[in-house]
Amino acid sequence: MPDTPTQALAGLGVSQGRAAGPVVRMAGPPALPAPRPVTDPGAEAAAVGAALEAVAADLTRRAAAAEGEAAEILEALAMIADDPTLREDAEARARDGLDAAHALDAAFAQHRDALSALGGYLAERAADLDDLKHRAVAFTLGLPMPGLPAPGHPYVLVAEDLSPADTAGLGPDVLALVTERGGPTSHTAILARSRGLPAVVACRGITGVPGGTLVGVDGATGEVAVGLTGEEAELIRERDRAERARLAASQGPGRTADGHPVKLLLNIGSAADLVPDGEGVGLFRTEFLFLDRKQAPPFEEQVAAYAEVLGRAESVIIRTLDAGTDKPLPFLGLPDEPNPALGVRGLRVDRVLDGVLDTQLEAIAAAAKATGAQAWVMAPMVTTVEEAAAFARTARAKGIAKVGLMIEVPAAALRARALLREVDFLSIGTNDLAQYTFAADRQHPALADLLDPRQPALLELIAMCAQAGAEAGKPVGVCGEAAGDPALAPLLVGLGVTSLSMAPVCVPAVREALAGLTLEECRERARAARE
Amino acid sequence: MAQRTVTVASASGLHARPAKLFVQAAMNVGVAVTIRAGEKTVPAKSMLGVLSLGAVHGTEVTLEADGPGAEEALDTLAALLSRDLDAEDPAHA
């Protein structure tokens with residue numbers, strides 16, 4: 001093998017682990033060529049039908065090879081491609097004189113707009129329609145269908161960005177994900193972490209790397225080594241296997257090398273996410289109970305869901321409903337806002353809708369009583385001390401034992417000391433705190449660097465909260481994505497946070513990262529990062 | 001014209017998995033069935049149509065069909081809608 005020098009690309013490491021393998025690029029969406037004069041409308045209509053059938057057949061084949069939820073998603077997509085109304089619309093447009101690609105494009109656009117107009121969770125299906133359109137148009141143009149490749153051997157998946165439909169079909173052959181765009185809280189990042197796949201996002205230049213090139217991916221540092229030799233790739237794989245074996249053996253409570261305890265907690269969405277690892281639940285998201293409802297879920301149903309988690313974990317922090325105009329839920333019936341991230345969301349929903357928060361707090365208190373567990377409850381999107389005091393009063397009146405707040409707004413972080421006079425604990429949501437501190441939309445593909453949690457301004461805010469907690473003798477944890485990153489966790493501990501809450505799959509690597517450093521070494525890292 | 005009015009029982013409403021099961025069943029009954037929610041009527045075999053109804057848990061929908069086999073087809077589909085299909089999902093059990 002020729003000794004070609006390796007080239008290093010730098011991106012943002014968002015899911016730790018190392019992998020090496022050949023690049024396989026995901027085909028991007030096809031460009032729609034200029035409309036073509038049509039001589040035989042019947043043939044165009046037939047081409048439309050053939051394209052939709054080919055897309056449905058391809059998805060059905062993928063569904064058969066997938067399992068569980070991924071198979072369900074792919075089957076549902078195949079059924080949309082097979083939809084008789086969609087097909088009639090597209091064929092009619094072809095018979096009226098459009099070429100097949102434009103007939104498909106126009107028909108999909110019409111249905112996409114209809115779904116978008118319905119809003120909420122249905123609007124998300126609009127992205128699925130775009131995905132299907134790209135597949136069908138590519139087929140009529142004789143281009144490879146966009147979507148996940150299936151080369152038949154393990155590979156490093158390279159793409160502009162990944163859609164939910166792409167990630168649903170991710171098979172065991174995928175060694176790592178590298179995307180040109182995307183940020184630390186993008187869909188790609190969250191999925192990769194939940195699957196334990198090394199991932200690098202915002203990696204400029206990666207889509208220019210030819211298919212088949214051997215690359216090494218470091219999901220912690222964000223470095224992608226391009227043009228490895230076979231031996232170099234094998235060495236990386238060996239190290240990764242050894243590292244995984246080490247993590248699999250990891251157990252016990254969170255400690256630094258010199259024994260300073262740091263609670264390692266789990267972020268969960270329901271009892272189904274609980275695992276035997278970790279020292280309790282640091283973030284129980286309750287949104288799943290409220291999805292797709294015309295009315296708030298009944299009191300008894302809420303009590304049962306909270307009791308299931310309270311009865312099974314050693315300590316649980318429940319977050320009250322975190323929805324609003326940014327994450328619309330039908331039963332809230334909130335009007336659209338021009339700027340939902342700055343609008344009625346989180347605790348602010350309680351300003352405009354009576355009863356939802358009260359019922360939830362009562363249900364949590366009842367579940368705690370029924371299970372004999374102590375309920376820790378926190379509110380999302382708190383901004384002022386007045387809001388905090390009002391929430392604490394209400395929660396305590398309902399019988400909640402420990403009341404806390406999420407710190408997601410810089411104004412709240414700046415007033416951490418005063419907030420802790422009102423409540424028992426704080427939990428820092430680094431994803432939103434970064435979005436609001438750096439005035440950068442979490443989903444914006446071009447602003448990933450502005451959302452990097454290592455930036456000193458964000459670390460200052462975290463340090464202020466931790467300092468306030470130490471003075472008051474009250475716990476201050478982190479429950480954003482940063483807490484599950486083994487490179488960042490020691491830094492957060494060095495800033496003084498007392499617990500880290502993360503996706504269950506992240507616990508072993510964070511535990512091992514802390515065990516390798518003394519508290520003073522963690523503090524040294526924190527000092528260096530804030531300079 | 002045979003007709004059934006039924007309340008959507010699935011917790012997630014008539015999309016995702018319940019919509020898929022309903023449309024699959026509608027394709028198999030061998031009779032053209034329409035489903036109406038509010039002012040909107042769509043073919044039961046159209047996944048996009050069914051999704052666009054925006055029917056959630058508790059929405060009342062009306063099924064209609066004509067001709068031989070209509071009654072039986074509507075019974076089958078109405079029975080499906082009145083079950084909580086999410087609760088039957090093995091992945092969530």
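Among contacts in chain B between residues at least 6 apart in sequence, what percentage join residues at least 24 apart? The figure is 71%. Two residues are in contact if their C-beta atoms, placed from the backbone, lie within 7 Å.

This is a predicted model: local features need pLDDT of at least 70, side-chain atom pairs count only at pLDDT 80 or more, and totals for chains, interfaces and linings use all residues. Residues are numbered from 1 along each chain as its sequence is written, while chains are lettered from A and ligands numbered from 1 in the order in which they are written.

**View 1. Chain B has three helices and four strands.** The order from the N terminus is β-α-β-β-α-β-α. Helices (H or I, at least four residues) and strands (E, at least two) are DSSP runs, numbered from the N terminus. Chain B holds 93 residues, and 43% of them are buried. A residue is buried if 20 or more other C-beta atoms lie within 10 Å of its own, with C-beta atoms placed from the backbone.

**View 2. Chain B meets chain A.** Here 19 residues of chain B contact 22 residues of chain A. Helix H1 (16-28) and helix H2 (47-52) of chain B each supply at least two residues of the side that touches chain A. H2(B) gives the most, with five residues. By class, this side of chain B has seven nonpolar, nine polar and three charged residues. Ala, Val, Leu, Ile, Met, Phe, Trp, Tyr, Cys and Pro count as nonpolar, Asp, Glu, Lys and Arg as charged, and the others, Gly among them, as polar.

**View 3. Chain A has 20 helices and 16 strands.** Of its 531 residues, 50% count as buried. Among contacts in chain A with a separation of 6 or more, 67% are between residues 24 or more positions apart.

**View 4. Eight strands of chain A close into a barrel.** Their order is E9-E10-E11-E12-E13-E14-E15-E16, and the pairing is parallel. Two strands pair if DSSP finds at least two bridges between them. Neighbouring strands of this sheet are turned by 25° against each other on average, direction ignored. Helix H10 (residues 299-310) of chain A packs on the sheet. H10 touches strand E10 (281-285), strand E11 (316-319) and strand E12 (375-379) of chain A. The direction of H10 makes about 150° with that of E11(A). Axes are lines fitted to C-alpha atoms, for helices over the stretch in contact, and angles run from 0 to 180 degrees between N-to-C directions.

**View 5. Strands E15 and E16 of chain A pair in the parallel sense.** E15 covers residues 476-478 and E16 covers residues 499-502. Two bridges join the two strands. Gly477(A) stands opposite Ser499(A) in E16(A).

Key: A residue is buried if 20 or more other C-beta atoms lie within 10 Å of its own, exposed if 12 or fewer, and partly exposed in between; C-beta atoms are placed from the backbone.
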